[in-house]
Amino acid sequence: MNKRIEKLYVFSLFSGLMILFFVLFPIINTFTWTKWPLLVETLKDPVVIEVIFRSIRTASITTFIAFTFSVPFAYFVVRHDFKFKQLLESIIDIPMVMPHTVAGIALLTVLSPKSFFGRFLVDNGIEVLGTEIAVVIAMLFVSLPLMFNSAKEAYKWIPERLENVSRSLGATHFQTFLKITFPLGWRDILSGMILTWARSISEFGAVIILAYHPMIAPTLIYERYTTYGMNYAVPVTIILLIISLLIFVALRLISTKSYRKRV
Amino acid sequence: MIQIKDLEIQLGEFKLKEISFDVKQGEFYILLGPTGAGKSVILEAIGGLIKPQLGQIIINDKDVSNSKPEARNVAICYQDYSLFPHFTVKENILYGLQFGQKKNKKEHMKDFSELTKSLQIEHLIDRFPENLSGGEKQRVSLARALIVRPNVLLMDEPLAALDSHIKDKLMRDIKKMHEKYQMTVIMVTHSFQEAYYLGNRVSVVNDGRIIQSGTMEDILNYPNSLFVANFVGLKNIIDATKINFNETGYVGIRPENVKIINNNEIFDYIGIGVVEEIADMATYFEITLNTEFGPIISYLLFNEYIEGHFMVGDKMKFGFNRNNLVVLENYKC
């Protein structure tokens, strides 16, 4: 059947193409900027390898922590109505609207040895600033709302009646969560994990305030750019880009099939 | 045996008050009432899914008012089937067997085979719920509930979402299953037809209260209020003193027992009314007459009404017989 070509659809399609161009052009262009021998050399650079692995490691730890706290708490929030619920949800969203350097400074006021809490940590031999712990804290602060909101969305569409039926058939609340709620919501939760991981690995503003060293990939790219120029920044950028895209695509493929439409 | 004693539940603005009834072993008990009356809340309270503020729920001589749902051994079937979408039909049905009561696998499979056969879903066991029709889904939901051999099966409008021909078939099958397994059932419905066909006894619920309880015949023949009378299809309520049958108070007559007189048929009471409306209801005609008693409704079958025989505005004789009257005791208009 031939569909009539509506002007609105033509405009919509044009807008879509503009968006695609806007996103893809800089990414593809990055690959054309570098000389391949320099890229191979950068790949062999132990500093680069260490920094890339640190980025992946800290982003993964951040995602794990965000998952551990957000998944149960989001379940509680979705299944209960209580006073100040909206206020609580808004508070959790605050880091999303904060400039990231502001987030870094806010965290520094807590972790600095000049603050009560920072002094307490130093006195007890716990070093945070300038360590991977600080990197994870900075990443967690800015990415936690993404995990929490995704988990909330995952539970919202799962009818409470499914849980009621499960419990009436003899499953405890916890068994019901493990066998019904989580398996039905996990693909949406996984999408949240991808977002959290992606947000963490790309975090720069909050991290450099708490820990310029040990360096993560965005810090290294910034340093190489300001010290040596584009030629030395681009190869590291490409490596980080490829790794991020590979992990992103792999996780996206796993999380595409949701049970939403089946309920 | 299930006893519900003086249950009170507050849910926001809605309040359920003084809910008391008992259900005997093997009985099919109906909670009948309009949407929003509070029937499903009662059902979920029995299932432990809503906590009552006051009152007692006793199942098999054990007070379960404060017990968790999983400790009550009640199974629930919802109108929307609530099948687990990530499990096959077989996995759905066997779900409840992995908790609490332990039987050997052979016994499980025997129950499984028997139930799937009785409910005619043997050929569906490897499918996922998304590939089933509404009727099939409800059958699976029923099998899943029955396989755990619950103390009581709670059914929340199980037929409401089905097409009429599927509904009629499933209704008959539910009756057969009840007779076969002699299970205790509490079913919520807004359909008097379903209630009458399936139920042994009934409580009529409205606005958070039980208005009347009794056998189906009690409710049908002795409704205690205009609300119940309407709900059981007794649409014509008449001041008995106006019809000279030595009755006092009010009487009711079903629309199917009110006839429009074409010839010289004989009835115990004959009156005159003006035809206000003639509605074609597909399987019968609903005639509304304006009479000295107020509006009187008559249902005429196709062989009793020929289109054009009389029209809106015509004065027609109508009649009914004394033995068709339902005396409304304790009824206040």
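Reader: Which strands of chain B does helix α1 (residues 39–46) lie across?

Author: This is a predicted model. In it, helix α1 of chain B runs at about 60° to β2(B). The strands that α1 lies across are β1, β2 and β4 of chain B.

Reader: In the open sheet of four strands in chain B, which strands stand at the edges?

Author: The strand order of this sheet is β2-β1-β4-β5, and the pairing is antiparallel. A strand at the edge has a single partner strand, so one side of it is left without a neighbour in the sheet. The edge strands of chain B are β2 (14–23) and β5 (62–63).

Reader: Which residue of β4(B) is the bridge partner of B:I2?

Author: Strand β1 (residues 2–11) and strand β4 (residues 54–59) of chain B run antiparallel and are joined by five bridges. In β4(B), the partner of B:I2 is B:I59.

Reader: How are helices α4 and α5 of chain B oriented to each other?

Author: Helix α4 (residues 134–146) and helix α5 (residues 164–181) of chain B have axes that come within 10 Å and cross at roughly 15°. Angles under 35 degrees count as roughly parallel. The orientation of α4(B) and α5(B) is therefore roughly parallel.

Reader: How many nonpolar residues does the contact of α4(B) with α5(B) have?

Author: From α4(B), the residues B:G135, B:Q138, B:R139, B:L142 and B:L146 take part, and they meet B:I166, B:K169, B:L170, B:D173, B:I174 and B:M177 of α5(B). By class, two residues of this contact are polar and three are charged, while the number of nonpolar residues is six.

Reader: How far apart do the C-alpha centres of domain 1 and domain 2 of chain B lie?

Author: The domain assignment of chain B places domain 1 at 2–230 and domain 2 at 235–328. Their contact takes seven residues from domain 1 and six residues from domain 2. The C-alpha centres of these two domains of chain B lie apart by 38 Å.

Reader: In the open sheet of three strands in chain B, by what angle are neighbouring strands turned against each other on average?

Author: This sheet has the order β11-β12-β18, with antiparallel pairing. Strands β11 (236–239) and β18 (326–328) of chain B each have a single partner strand, so they stand at the edges with one side left without a neighbour.

Reader: Which residue of β12(B) does B:I238 stand opposite?

Author: Strand β12 (residues 250–253) of chain B pairs with β11(B) in the antiparallel sense over four bridges. In β12(B), the residue opposite B:I238 is B:V251.

Note on methods: Residues are numbered from 1 along each chain as its sequence is written. Chains are lettered from A and ligands numbered from 1 in the order in which they are written. This is a predicted model: local features need pLDDT of at least 70, side-chain atom pairs count only at pLDDT 80 or more; totals for chains, interfaces and linings use all residues. Side-chain values use heavy atoms; hydrogens and water are left out. Axes are lines fitted to C-alpha atoms, for helices over the stretch in contact, and angles run from 0 to 180 degrees between N-to-C directions. Helices (H or I, at least four residues) and strands (E, at least two) are DSSP runs, numbered from the N terminus. Angles under 35 degrees count as roughly parallel, over 145 as roughly antiparallel, 65 to 115 as roughly perpendicular and the rest as oblique. Contact means heavy atoms within 4.5 Å. Ala, Val, Leu, Ile, Met, Phe, Trp, Tyr, Cys and Pro count as nonpolar, Asp, Glu, Lys and Arg as charged, and the others, Gly among them, as polar. Two strands pair if DSSP finds at least two bridges between them. Domain bounds come from an automatic or database domain assignment.
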